[in-house]
Amino acid sequence: MEAQTNQSLNLSKQGKVKQFTQRKTIFLELFKEPQNSKMLHMKTGIPREAICRRKRDLENENLLFVLKMDYCPYSGRLTQFLTTNPQTYQRWLQSKKND
């Protein structure tokens, strides 16, 4: 019984580590360059469902910004391009005010 409990605790820890690693990867990729979910998936290999969950967490913490709506280079659909870099977002806002 104790071995089974230890095993389930280890699996729980592995899930937390995977979640943190995916979140960190997504955050850093979006910090480097604005992207959409499909682009993130193609670049990192993280499943799109997991990307959506991690995006929600970043949005709830006000760490994710919608930079623009544009067409995806992969799917050709209109999508949100996201960033976690506040400086990129501020520069984009300033350019919009000047237009």
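Visitor: Which strand does Leu 78 lie in?

Guide: Leu 78 is in strand E2, which covers residues 78-83. Keep in mind as we go that this is a predicted model.

Visitor: Why is Leu 78 called partly exposed?

Guide: Its relative accessibility is 48%. Buried means under 20% and exposed means over 50%, so Leu 78, at 48%, counts as partly exposed.

Visitor: What do Met 69, Tyr 71 and Leu 78 form on the surface?

Guide: Together these three make up a nonpolar patch, with about 350 Å² of accessible area.

Visitor: On to the salt bridges. What makes Lys 32 and Glu 29 a salt bridge?

Guide: The rule asks for a side-chain nitrogen of Lys or Arg within 4 Å of a carboxyl oxygen of Asp or Glu. The closest N and O atoms of Lys 32 and Glu 29 are 3.2 Å apart, so the pair meets that rule. Both residues belong to helix H1 (residues 2-32), where they sit three residues apart, about one turn of the helix.

Visitor: Are Lys 32 and Glu 29 buried or exposed?

Guide: Lys 32 has a relative accessible area of 62%, so it is exposed. Glu 29 has 13%, so it is buried.

Visitor: How do you know that Lys 43 forms a salt bridge with Glu 29?

Guide: Here the closest N and O atoms are 3.4 Å apart, and the cut-off is 4 Å, so this pair counts too. Lys 43 lies in helix H2 (residues 37-44) and Glu 29 in helix H1, so the bridge ties together parts that are 14 residues apart in sequence.

Visitor: What about Arg 56 and Asp 57?

Guide: Their side chains meet in a salt bridge at 3.8 Å, N to O. Arg 56 is partly exposed at 44% relative accessibility, whereas Asp 57 is buried at 18%. Elsewhere, salt bridges with shared partners join Glu 29, Lys 32, Glu 33 and Lys 43 into one network. The count of salt bridges comes to six.

Visitor: How do you know that the length of helix H3 agrees with its number of residues?

Guide: H3 has 13 residues (48-60), which at 1.5 Å a residue should span 18 Å; the end C-alpha atoms are 18 Å apart, so the two agree.

Visitor: Which residues of H3 are buried, and what puts them on the same side?

Guide: The buried ones are Ala 50, Ile 51, Arg 54, Lys 55, Asp 57 and Leu 58. They cover an arc of only 160° around the axis, so they fall on the same side of H3. Glu 49 and Asn 60, on the other side, are exposed.

Terms used: Residues are numbered from 1 along each chain as its sequence is written. This is a predicted model: local features need pLDDT of at least 70, side-chain atom pairs count only at pLDDT 80 or more; totals for chains, interfaces and linings use all residues. Side-chain values use heavy atoms; hydrogens and water are left out. Patches are made of residues with over 30% relative accessible area and no salt bridge: like charges are joined within 9 Å, nonpolar side chains (Val, Leu, Ile, Met, Phe, Trp, Tyr) within 5 Å. Accessible areas come from the Shrake-Rupley method with a 1.4 Å probe; for residues, only the protein chains shown count as cover. Helices (H or I, at least four residues) and strands (E, at least two) are DSSP runs, numbered from the N terminus. Buried means under 20% relative accessible area, exposed over 50%, partly exposed in between (1.4 Å probe, protein chains only). The expected span of a helix is 1.5 Å times one less than its number of residues. The arc is that of the directions from the helix axis to the C-beta atoms.
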